[in-house]
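Here is a short report on one protein model. Keep the sequence and the 3D view open while reading.

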Amino acid sequence: MQATSRKIVVAIGGSSGSIYAKCLLDRLVSMSDQWDKVGVVMTANGKYNWELELGAFDPQDYPFDFYDNKDFHAPFASGSARYDTMMICPCSMGLLGRINAGISQDLITRAADVVLKERRRLILVPRETPLSLIHLRNMTALTEAGAIICPAIPSFYSGAATREELALTVVDRVLDLAAFTPPETYRWGEEDK
């Protein structure tokens with residue numbers, strides 16, 4: 001498949017579940033023929049959790065453009081840059097609530113606001129339990145505004161043997177929702193016979 005000039009944003013929020021973010025970045029590396037640009041932005045808590053859960057984070061490990069969360073000069077802070085998809089993985093409930101309220105206080109919330117106002121694809125991957133009524137109402141409002149809520153709930157029917165394989169059951173769903181074709185993903189009913 002040829003790159004289709006797709007420009008996407010990956011935001012890494014501050015909730016636990018850095019394995020999902022790492023698997024998403026790794027998967028995008030393996031799918032470099034399906035995108036033209038990937039901009040990555042991470043909250044301070046996102047970096048903290050990555051290092052707590054996975055070890056040191058080094059942007060040099062990835063061929064993406066990394067931006068500080070206070071950098072409002074990043075191209076995807078404006079709709080004119082035409083980034084077509086934003087994936088926030090994982091997404092804390094605080095971040096989700098700020099996006100729902102339209103509070104553009106940093107690059108992630110500004111970019112999410114841009115994606116929604118431009119009627120482009122915003123996919124939020126919350127990783128929280130249990131959910132309060134406030135969380136549910138925020139998710140409902142964002143869904144009504146055009147966002148896609150894809151909770152980090154792995155599927156167990158794929159027979160995943162490692163935590164990475166289990167996390168990929170969520171990441172590959174996110175990539176499907178973003179109109180990508182993840183390689184070698186498990187699909188129900190398509191087992192090798």
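## A charge over a ring

R6 places its charged end over the ring of F180, 4.0 Å from the ring centre. The model is predicted.

## The sheet

Strands of a sheet pair through backbone hydrogen bonds, either parallel or antiparallel. Here the pairing is parallel: 6 strands make an open sheet in the order β3-β2-β1-β4-β5-β6. The edges are β3 (65–67) and β6 (148–149). Each has a single partner strand, so one side of each lacks a neighbour in the sheet.

Take β5 and its partners. β4 and β5 run parallel and are joined by 5 bridges. Across this pairing, M86 stands opposite L122, and M87 stands opposite I123. On to β6: 2 bridges join it to β5, again in parallel. There I123 stands opposite I148. β5 is mostly covered, with 5 of its 6 residues buried. Helix α6 lies across β4, β5 and β6, and runs at about 165 degrees to β5.

## Nonpolar cores

In soluble globular proteins, nonpolar side chains tend to be buried together. The largest nonpolar core in this model has 32 residues. Which of them touch the most other members? They are V10, L28 and M87. Two or more residues come from each of β1 (7–12), α1 (18–30), β2 (37–42), β4 (85–91), β5 (121–126) and α6 (163–177). α1 gives the most, with 7 residues.

V10 shows how the elements meet. Leaving aside neighbours within four places in sequence, V10 is in contact with L24, L25, L28, V38, G39, V40, V41 and M87. A second, separate core holds 27 residues, including A77, I99, I108 and A111.

## Aromatic pairs

A pair of aromatic rings is described by the distance of the centres and the angle of the planes. The count for this model is 6 aromatic pairs. One of them is Y67 with F76: 5.1 Å centre to centre, 90 degrees between the planes, edge-to-face. F76 also pairs with Y83. Their centres are 5.4 Å apart and their planes lie at 70 degrees; edge-to-face requires over 60, so this pair qualifies.

Is F76 buried or exposed? Its relative accessibility is 3%, and buried means under 20%, so F76 counts as buried. Y83 is buried too. Elsewhere, W35, Y62 and F64 form one aromatic cluster.

## Backbone exceptions

Most residues other than glycine have a negative phi, and most peptide bonds are trans. Which peptide bond to P90 is cis? The bond from C89 to P90 is, with omega near -5 degrees. P90 has its place in strand β4. A cis bond also joins T129 and P130, with omega about -10 degrees. P130 lies in the loop between β5 and α5 (133–144).

Positive phi values occur as well. R119 has phi near 60 degrees. R119 sits in the loop between α4 (107–117) and β5. Its relative accessibility is 69%, and exposed means over 50%, so R119 counts as exposed. A179 has phi near 70 degrees, also a positive value in a residue other than glycine. A179 is found in the segment after α6.

Technical notes
Residues are numbered from 1 along each chain as its sequence is written. This is a predicted model: local features need pLDDT of at least 70, side-chain atom pairs count only at pLDDT 80 or more; totals for chains, interfaces and linings use all residues. Side-chain values use heavy atoms; hydrogens and water are left out. A nonpolar core is a set of buried Ala, Val, Leu, Ile, Met, Phe, Trp, Tyr and Cys residues joined through side-chain atoms within 4.5 Å. Buried means under 20% relative accessible area, exposed over 50%, partly exposed in between (1.4 Å probe, protein chains only). Helices (H or I, at least four residues) and strands (E, at least two) are DSSP runs, numbered from the N terminus. Contact means heavy atoms within 4.5 Å. Rings of Phe, Tyr and Trp (its six-membered ring) pair if their centres lie within 6.5 Å; planes under 30 degrees apart count as stacked, over 60 as edge-to-face and the rest as tilted. A charge sits over a ring if NZ of Lys or CZ of Arg is within 6 Å of the ring centre and within 35 degrees of the ring normal. Two strands pair if DSSP finds at least two bridges between them. Axes are lines fitted to C-alpha atoms, for helices over the stretch in contact, and angles run from 0 to 180 degrees between N-to-C directions.
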